[in-house]
Amino acid sequence: MAECHPVGFQWVMEAKARGAKVVHVDPRFTRTSALADVHVPLRAGSDIAFLGGIVNYVLENEKYFHDYVLNYSNASVLLNEEFRDTEDLDGVFSGLDAGNRTYDLRTWQYEGMQVQAASGQRDQAYEAHRQAVAESGRGEAAGSGGPGLGEGDPERDPTLQDPRCVFQVVKRHFSRYTPEMVERITGVPADRFLDVCRLVADNSGRDRTTAFAYAVGWTQHSVGVQYIRTASILQTLLGNIGRPGGGILALRGHASIQGSTDIPTLFNLLPGYIPMPHAHPDLDLDRFVEGESAKKGFWGEMRSYFVSLLKSYWGDAATEDNDYRFDYLPRLTGSHSTYETAMAQIDGVCKGYFLMGENPAVGSANAKVQRLGMANLDWLVVRDFSLIESATWWKDGPELETGELRTEDIGTEVFFLPAAAHTEKDGSFTNTQRMLQWHHRAVEPTGDARSDLWFMYHLGRRIRARLAGSTDEMDRPVLDLTWDYPTHGALDEPDAEAVLAEINGYDGDGNPLSSYTQLKADGSTSCGCWIYAGCYADGVNRPARRKPGRDQSWVAPEWGWAWPMNRRILYNRASADPDGNPWSERKALVWWDAAEGKWTGHDVPDFSADKAPDYEPPRGSTGPDALAGNDPFIMQADGKAWLYAPAGLTDGPLPAHYEPQESPFANPLYAQQHNPVRHLLRPHPANRYQPSGDAPGADVFPYVVTTYRLTEHHTAGGMSRWQPYLAELQPEFFCEVSPELAAERNLAHRGWATIVNGRNAVEARVLVTERMKPLVIDGRPLHQIGLPYHWGPNGYSKGDAANELLHLSLDPNTHIQEAKALTCDIRPGRRPRGPALLDLIRDYQRRAGITDETGTEI
């Protein structure tokens, strides 16, 4: 966090100065480690074992917050008799369809209930599920609250003793994650691991809370979602959710990354985490909402959020008679992630590509696949500050040097358009704490540089002008769009505040909304993103507020605006006990005021304001009314935190340690080596997987590589490698290795090394450092190599790209790449040039016995 999020890390240091303990778990010793009370080096890709061990410690030593767990989680719910855990099936859950690499979720259900299908399941085995999906009307991904729980009431055991209750199932599941097993898998000595367990457990409970902060070191794995799930199980057991000083904080390192998922650049979501519909036959608005919305909780109001979004898109053209133009929305036919897109380019299916703030030629996993895809396009539009590698690969890319591509054979027409920086435009950022903060234009952009808003608005305006008068029904969705933003200045820059106002939404009289609870399902309201409703209440740009902290409360509600409804801590009803009183005065946040008959406190209550703690929903209630007064997790279909997830995930209701796609070790926990439903892309010569564990040839790649970023550079380097000052601070691509590895492989400090695997090879300057500590894993030594991922051949600071080495094995829930743990070899000297580089790769493939089938087993 100090290395990659230094501004936010200021507040960690403020907390430490007041007595907080800071624990840093990371393969490398970094700036954060230097300032932490405890640094715990571990093997990249082993975090579920580490966190699972803490879960086991908490359960075995009865350190969990009993009243919180009993009342606010699904711990007491009984599971289906047919459910079988990894403990029973040696590493897989019941319902595995090995042929289609999917799970059938029916055995994961609660006793007495039918549970809807998992998020993302349909694109994993589309044909197999097509008919069932068409019947239910469900799309691909559930909203942020997960899928609904269907009909019925689950059976419960409030004593938490029944062997089929969630609490006991979770306890058995994590029982083998002992300190000794954690040491075998992660390399963390058992005594140091137990120190961390005690720190976390002793600082949690009624009067204290502990927070977890994570970044892509948790997400970029083939089990990344389950990493965060393990943390959520632990934090629920400890009572650290919905309370001050608790939670699980996703560090967002680029400007508005949180905003890019709220109002998404993701293929499978619409604004506000509403699922994108699939291309199912006879799917209308009613069937879609029925299939996607929960029966209980605030996701039960999804129709209001969704209809208001459609009205925001198509205005008067969206009416009740035409399903509010639900038919205008694009449809998914499977996974359309950036990696499937690259493969579709190689196949000639995807013909054109816009790159805005992205540099896949060096910044995406398996950069070679990205370049091969772009070489097969008809046209490519690159908008950036500098001539990044994604704009020039056709004339100076690595494949021209090796002879795999020739410029004269590449038919892609490349358009480079200069982009304006954030200082040259108005707009907002939404980052880690879900807070919208407005930034004002400091200067006008120079030359031909234009903002993203300018580009998209005027591109849309010109396309609509071209289509004017068209009678083709295919053109109606574009022609009927509400595309009437005011512009200003010599450049006709669209008014960014007008866009913010559209996102905030309007009521039936055209007044700005103040809350998402005002949204209606009858078409009388419009809203571009329901969770942002209220950010422009009363016509005031609330993200632009900057009241100093000394002039307001410690929650600081008048600095920016946090979604939803400007509340700063989600699920904060859980900060009070079932009767509505704070668990402790020290940690008081919101509470029930019986005299006033409402929830009050320091933060905006994340609960129906007038719902008393003893409220019991009438039978047959739906939506928010169906949640009881002690159901704090209002976006969940049952109002409870899920220690066990009966639906919503494709790869298991509980986290389990699996080895990364490429690992030097066999899984010591189960016979199952990898996540059995990990998302593997189809075989391609540029995306070969490597043998792992005990498989023949795995010893050819004995070392683990992990990638990371530096304070001095940003992402793929497009914003930093062209800056002389930053290029001077970090002038070359380098690899971090331990003194022991340097001696083993004859690597000289500041000399050159070649890091090679079965896909590619890169060269880097050698940094010999004790920051990369050798570990003992399952009785044998392991060396890890650190590679920053900022480099490419363009700019002032040049070097090979670490992402050349990466494979395309993805998390099946999010389709994100496994960039943080892969295997390699390292050798002294610079890599070969030209066709000799291909010869080196082929030699390693031959020695390891790599074929199209290697690494694809379940």
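Why does Met456 count as partly exposed? Its relative accessibility is 38%, and partly exposed residues are those between the buried limit of under 20% and the exposed limit of over 50%. The structure is a predicted model.

## Nonpolar surface patch

Several secondary structure elements contribute. Strands β9 (352–356) and β11 (413–418) each supply at least two of the patch residues. Met456 itself lies in helix α20, which covers residues 452–467.

Strand β21 spans residues 734–737. Phe734 and Glu736 point one way from this strand, while Cys735 and Val737 point the other way. Each of these four residues, Glu736 included, is buried.

Strand β21 runs parallel to β23 (residues 761–768), and four bridges join the two strands. Phe734 has Arg765 of β23 as its bridge partner.

## A three-stranded open sheet

Three strands form an open sheet in the order β12-β13-β16, and their pairing is antiparallel. Strands β12 (427–430) and β16 (561–562) are the edges, each pairing on one side only.

Strand β13 covers residues 435–439 and pairs with β16 over two bridges, in the antiparallel sense. Within this pairing, Leu436 stands opposite Trp561 of β16.

Technical notes
Residues are numbered from 1 along each chain as its sequence is written. This is a predicted model: local features need pLDDT of at least 70, side-chain atom pairs count only at pLDDT 80 or more; totals for chains, interfaces and linings use all residues. Side-chain values use heavy atoms; hydrogens and water are left out. Buried means under 20% relative accessible area, exposed over 50%, partly exposed in between (1.4 Å probe, protein chains only). Two strands pair if DSSP finds at least two bridges between them.
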